Amino acid sequence: IWQPVFEISNERQERVTGVVSLTVWPDGRIRYYEKFDSFPNFRSNLAFYPFGTVDLDLVMTGFLQDRSELVYNLKAFEFQDPTKPDDFIHGHWSFISMDAEELPAKRSDDRSVDYSQIHFNVKLNHETIQAGALMIFVPLFVIFIAASCLLWLHTTYSGPRIQGTIALILTTVALKYSLSEEIPSLRYVTMTDLLMIETIILIL
């Protein structure tokens with residue numbers, strides 16, 4: 001029995017299938033339906049976070065049947081409500097564009113055979129006003145002003161000045177951890193990380 005087999009080529013872990021259905025018509029037509037969850041690796045340029053864009057890619061590859069047996073033919077690729085794409089995007093991101101295309105692909109163990117591969121892409125832009133200014137820049141600016149005000153205290157109040165400085169350093173560190181769910185976890189240093197480090201250095 002011919003059975004199409006596919007994989008998510010850029011996923012971090014194996015997809016989890018929730019709902020599967022198979023419909024067979026008398027004339028031999030078959031419709032296979034699968035609803036799955038996956039965690040793909042995404043391409044992004046967030047070195048200047050909270051400014052930047054991210055490409056949400058999902059790459060599906062038919063890795064057992066070559067193009068003589070299986071070729072993807074995209075019927076539709078859209079949000080449940082195409083008029084309101086931002087309603088389906090979590091976090092402080094805004095919709096830019098989306099597209100999909102079918103391309104030939106080769107397996108690493110056999111470069112002579114082409115397999116069908118389809119690329120889904122959704123491009124998003126980070127909302128810098130709400131997530132950047134209000135959540136990052138304004139709190140850091142308030143901390144900087146408070147640290148500057150401590151310098152106006154007379155030297156006879158060295159105890160409160162030191163206590164206030166330590167409190168502001170701890171506040172900056174606490175701000176970093178409180179925003180951990182909002183700020184993406186990246187392997188490189190972003191502009192937000194540099195602002196946090198510079199704030200602590202200035203206070204010191």
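**View 1. Ser94 and what it touches.** Skipping neighbours within four places in sequence, Ser94 is in contact (heavy atoms within 4.5 Å) with Asp86, Lys123, Leu124, Asn125 and Glu127. You'll find Ser94 in strand E6, residues 93-107; helices (H or I, at least four residues) and strands (E, at least two) are DSSP runs, numbered from the N terminus. Ser94 counts as buried because its relative accessible area is 19%, and buried means under 20% with a 1.4 Å probe on protein chains only. Keep in mind that this is a predicted model, with local features needing pLDDT of at least 70 and side-chain atom pairs pLDDT 80 or more, while totals for chains, interfaces and linings use all residues. Numbering runs from 1 along each chain as its sequence is written, and side-chain values use heavy atoms, without hydrogens and water.

**View 2. The largest nonpolar core.** Here 15 residues come together, and Trp93, Leu124, Ile136 and Leu179 have the most contacts inside the core. A nonpolar core is a set of buried Ala, Val, Leu, Ile, Met, Phe, Trp, Tyr and Cys residues joined through side-chain atoms within 4.5 Å. Strand E7 (110-126) and helix H1 (128-150) each give two or more residues, with H1 giving the most, three. Another core, of seven residues, lies apart from this one and includes Phe6, Ile8, Ile118 and Phe120.

**View 3. Residues around H1, H2 and H3.** Which elements give two or more residues to the lining of the second largest pocket? They are H1, helix H2 (158-178) and helix H3 (191-203), and H1 supplies the largest share, four residues.

Terms used:
Buried < 20%, exposed > 50% of the residue type's maximum accessible area, 1.4 Å probe, protein only.
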